[in-house]
Amino acid sequence: MPAHFTEQHSAETVNGRISPESSPRLRQIMAALVNHLHALVKEVQLTPEEWETAIGFLTRTGQLCSDRRQEFILLSDTLGVSMLVDAINHRRPGNATENTVFGPFHVAGAPELPMGSRISRDGKGESCLFTGRVLDLDGRPIAGAVLDVWSDNADGFYDVQQPGVQPDWNNRGRFTTGPDGHYSFIGIKPVSYPIPDDGPVGQMLAALGRHPWRPAHMHFLVSAPGFDRLTTHVFVAGDTYLDSDAVFGVKTSLIADFKRNATADAEWLCQFDFVLNPA
Ligand code: BEZ
Ligand code: FE
C-alpha cells in the first residue's frame, strides 16, 4: 500500500494510518466508514461543488440541534438507519411484539396514573380507550410492567412542540400492570402528522420528492424486570400514510383496527396485547 495518496488506493492509504493500538471495534467501524465513503465518491464521481453542498447540509443539520431539537436523529430516521440499527439489535422470536423507531418526542417522568385514567388534557380529539395485556412468550400475564405512553394531540403536535399552547403532559402517562397483566387508559385516536420539516431534513425530503408524514400511532415503551424493553407504536389501520411513513416505522404486526362506539367509556376502542421477550 503506497504511503502517499493515490486515487486507486485512497481508502487503504487512509486506513493504513490507524494505529493497531486503537480500540479494535473503533478500527473496524472507521475502516468500514472510510471504505464505503471512498467507494461512494468514486461510484458517483463526486464534484467539489457537490461535496461543498454535502458539507453545508451537514453543517446546518448540526447547527439546528439543541436540547429541544435533534436534526441528526431525524436524518438517521428518514434515511432508514434508525430502523436498521433497531432491527439488527432486536431480533426476536415470532410471537414477541416488534420494536419500532423511538422518535424525538418521548419525555421521561410522565405522570404515573391508575389504570383507566384519561391522558388527554386539552379537550381536543376523539376519545379512545386503549386496552390489552402485557404477556410473556408463553401467554402468561406480566405483573409490574410499566407502560410509558405518548401521542400527538388532535392537531398533530406533541405537547413539547407547543410549550405554552398545550397543557404539560398532554397525551402522556405511565401505567403499571397488576397480577393480571392488564392495562387500560383513555387517550385520543391519534392523527397522522408531518415530522419537523422546516430544516435541512425537510429540504432533503422535498428535493427527493418525499413527503414528511407519519401515519397515526400511539407510542408505547413497555418495560418489566427480566424482559427486553419494548419500544413500539400501535398504528391506526386504514391510515393514508401506512405504506409511506417518512421514517419507515410501520410493521404489519403493529397495525390495529380501531373500533368506533365499541365501549361506553370512549368514542373509539383499541385493543392490543404486548408480548415481551426475556432479557
Ligand atoms: C415520532 O413518532 O414521534 C417520530 C419518530 C421519528 C421522527 C419524528 C417523529
Ligand atoms: Fe410519534
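**Entry 1: helices α3 and α4**

I began with a helix contact, where Phe57, Leu58, Thr61 and Gly62 of α3 meet Glu71, Phe72 and Leu75 of α4. I took contact to mean heavy atoms within 4.5 Å. Helices (H or I, at least four residues) are DSSP runs numbered from the N terminus. The model is predicted, so local features need pLDDT of at least 70 and side-chain atom pairs count only at pLDDT 80 or more, whereas totals for chains, interfaces and linings use all residues. Residues are numbered from 1 along each chain as its sequence is written, chains are lettered from A and ligands numbered from 1 in the order in which they are written, and side-chain values use heavy atoms, with hydrogens and water left out.

By class, I noted four nonpolar, two polar and one charged residues in the contact of α3 with α4. Ala, Val, Leu, Ile, Met, Phe, Trp, Tyr, Cys and Pro count as nonpolar, Asp, Glu, Lys and Arg as charged, and the others, Gly among them, as polar.

I then looked up the geometry: α3 and α4 pack at an angle of about 125°, and their axes are 7 Å apart. Axes are lines fitted to C-alpha atoms, for helices over the stretch in contact, and angles run from 0 to 180 degrees between N-to-C directions. The two helices, α3 and α4, are therefore oblique to each other. Angles under 35 degrees count as roughly parallel, over 145 as roughly antiparallel, 65 to 115 as roughly perpendicular and the rest as oblique.

**Entry 2: helix α6**

Helix α6 covers residues 200–207, and its packing with α3 has an angle of about 140° with the axes 9 Å apart. α3 and α6 are therefore oblique to each other. Phe57, Arg60 and Thr61 of α3 make this contact with Pro200, Val201, Gln203 and Met204 of α6.

I next turned to α4 (residues 71–78), whose axis comes within 9 Å of that of α6 and crosses at roughly 25°. That makes α4 roughly parallel to α6. Glu71, Leu74, Leu75 and Thr78 of α4 touch Pro200, Val201, Gly202, Met204 and Leu205 of α6. I counted this contact by class as six nonpolar, two polar and one charged.

I recorded a volume of about 450 Å³ for the largest pocket. On a 1 Å grid over the protein atoms alone, a pocket is an open set of points with protein on both sides within 12 Å along at least five of seven lines, a cavity is a set where a 1.4 Å probe fits but cannot get out, and lining residues have an atom within 4 Å of a point. Of the 14 lining residues of the largest pocket, Leu37, Leu40, Trp51, Ala54 and Leu58 are the closest to its centre. α3 (48–63) and α2 (24–44) each supply at least two residues of this lining, and α3 gives the most, with seven residues. The classes are ten nonpolar, two polar and two charged.

The second largest pocket holds about 390 Å³ of space. Its lining has 16 residues, of which Arg68, Arg69, Pro104, Phe105 and Val160 lie nearest its centre.

**Entry 3: cavity**

I found one cavity of 30 Å³ or more. About 90 Å³ of space lies in the largest cavity. It is lined by 14 residues, and Asp77, Gly103, Pro104, Tyr193 and Arg214 lie nearest its centre.

Terms used
Grid points are joined across faces, edges and corners, and a volume is the space filled by probe spheres set on the points.
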